[in-house]
Amino acid sequence: MNAVATILAGGVDVYLWPESREQMPKFLLPLLSDGSMLQSTLQRLRPLFSSDRIAIATTASLQHLLREHLPNFPTEQFIIEPVARNTAPCLAYAALWWERRSSPDVLVLFPADHAIAHLGEFHQSVETAVWTAYTTQRPVLLGLPPRYPETRFGYLQVEECPDPSLAQRGVLRVRTFAEKPDRETAQRFIDSGDFLWNTGIVALPTATLWDLLCRHLPDYYSLFAPLLRSASELSPEHIERIYRQLRPLSLEHGLLEPAAAQMLALRCSFDWTDVGTWDEVYRRALKDPRGNVLHGDVIAIDTSGCYVSALGGKPIALIGLNDLIVVDTDVATLICPRGASERVAEIVHYLRRKKMRHLL
């Protein structure tokens, strides 16, 4: 069986401003370790896939940044999108890119900006998902039992798989997708016991993938499928012409949700988060005896429960403060109470409305 991996490394996370900006996306930040999130993602995939079976999908505007960031990663293993069009176009292009190189049986997508621990369990889960996708010729999503009512994650409603050989491996059938519920709904999902967090990691049999594109995204299929067996090289200009005709669409909304009846889910047990807010960064970081997480030149007197990142080139001093998030960079400083960092997106939207591009 020929399985390949594509790491999705595009876009900026508005919740982690001001460190995450257009020229420094979240996956290039060392939020929880010495290396960046992209470097960590690449490192944990190497025991599963040989170097020539891993590609990184990114945009033309970020490619030089990524090549500087990963000087030892093969240049020819980058999948360069001319512009960002969300994850459905990226999947279609990645499927075409791989098909013309190695005709893989299974394509596995991995977000570049997630934090994962318990790597033994993670590796076993990916291997089970790949085997299940290949055996059943059905897409397999990796899911986790929700631990708290998170409103930023997508959820999968699942039910028992009738095939005992699959059920004993933790495989379930997907009933429905639920995207980013409010807190009350998320709590109901947890109470019901038949929902999983959707990690965004999915194993797709390539033959099934092209069939799903044909049925659910025929406009995508008509642009990409004729190039599957073409002998001519795909030039950047050719791909750009295709992308001009593509409507932006997420993989979940464009392909997985319409085909939910064909989807399988694997219940996993590794530790996972998408590190999507400063509160989440604080929650997962190592803390000092007063519950502080301090990076850079920080003086904290009678201060507890704070996350402080002083990377803007000047010291930060706090006296008598509790439960704050302070993130200082060379372009801006964020200060907010812990528990409110989801509202950072409001700042980014404000800056965009005011066309303050130098802060984005």
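View 1. Asp211 counts as partly exposed, at 37% relative accessibility. This is a predicted model. The side chain of Asp211 meets that of Arg215 in a salt bridge, 3.0 Å from N to O. Arg215 is also partly exposed, with a relative accessible area of 45%. Both residues belong to helix α7, residues 206-216. They sit 4 residues apart, so about one helical turn separates them. An α-helix has 3.6 residues a turn, so residues three or four places apart point the same way.

**View 2. A salt bridge between two loops, Asp323 to Arg338.** The side chains of Asp323 and Arg338 meet in a salt bridge, with 3.0 Å from N to O. The pair links distant parts of the chain, 15 residues apart. Asp323 lies in the loop between β15 and β16 (324-328). Arg338 lies in the loop between β17 (333-337) and α12 (344-353). Asp323 is partly exposed, with a relative accessible area of 40%. Arg338 is partly exposed as well, at 31%.

**View 3. The salt bridge of Asp113 and Lys26.** Asp113 forms a salt bridge with Lys26, and their closest N and O atoms are 3.4 Å apart. Here 87 residues separate the partners, and the pair links distant parts of the chain. Asp113 is in the loop between β4 and β5 (115-117). Lys26 is in the loop between β1 (3-8) and α1. Lys26 is buried, with a relative accessible area of 2%. A search of the whole structure finds 17 salt bridges. Some link up in a network, made by Glu150, Arg152 and Asp274.

**View 4. The largest pocket.** About 1200 Å³ of space lies in the largest pocket. Its lining counts 42 residues. Nearest its centre lie Asn86, Thr87, Asp113, His114 and Lys180. Several elements each supply at least two residues of the lining: β2 (54-59), α3, β4, β9 (195-205) and α10 (251-256). Asp113 is also the salt-bridge partner of Lys26.

**View 5. The largest cavity.** A search of the whole structure finds 1 cavity of 30 Å³ or more. The largest cavity holds about 40 Å³ of space. Its lining is made by Thr41, Arg44, Phe110, Pro111, His114, Ile116, Phe122 and Ile201. The elements that give two or more residues to this lining are α1 (37-45) and β4 (106-111). His114 lines this cavity and is among the residues nearest the centre of the largest pocket.

View 6. Of the 16 residues, 13 are buried, so α3 is largely enclosed by the rest of the structure. Ser103 follows α3. Ser103 is found in the loop between α3 and β4. Its phi is positive, about 45°, although Ser103 is not a glycine. Ser103 counts as partly exposed, at 40% relative accessibility.

View 7. Most residues other than glycine have a negative phi, and most peptide bonds are trans. Val275 has a positive phi, near 45°. Val275 is found in the loop between β11 (271-273) and α11 (278-284). At 0% relative accessibility, Val275 counts as buried. A cis peptide bond joins Trp17 and Pro18, with omega about 5°. Pro18 has its place in the loop between β1 and α1.

**View 8. A nonpolar surface patch around Ile319.** Ile299, Ile301 and Ile319 make a nonpolar surface patch of about 290 Å². Ile319 lies in strand β15, residues 316-319. Ile319 is exposed, with a relative accessible area of 62%.

**View 9. Gly312 and Leu351.** Gly312 lies in the loop between β14 (307-310) and β15. Gly312 is partly exposed, with a relative accessible area of 22%. Gly312 and Leu351 are 39 residues apart in sequence. In space they are 20 Å apart, C-alpha to C-alpha.

Key:
Residues numbered from 1 in each chain as written. Predicted model: local features only at pLDDT ≥ 70, side-chain atom pairs only at ≥ 80, totals over all residues. Heavy atoms only, no water. Patch = residues over 30% accessible without salt bridge, like charges linked within 9 Å, V, L, I, M, F, W, Y side chains within 5 Å. Areas by Shrake-Rupley, 256 points an atom, 1.4 Å probe, with all protein chains shown as cover. Salt bridge = Lys/Arg side-chain N within 4 Å of Asp/Glu carboxyl O. Buried < 20%, exposed > 50% of the residue type's maximum accessible area, 1.4 Å probe, protein only. 1 Å grid on protein atoms, 1.4 Å probe; cavity = no way out; pocket = protein on both sides within 12 Å on 5 of 7 lines; lining within 4 Å. Points joined across faces, edges and corners; volume = space filled by probe spheres on them.
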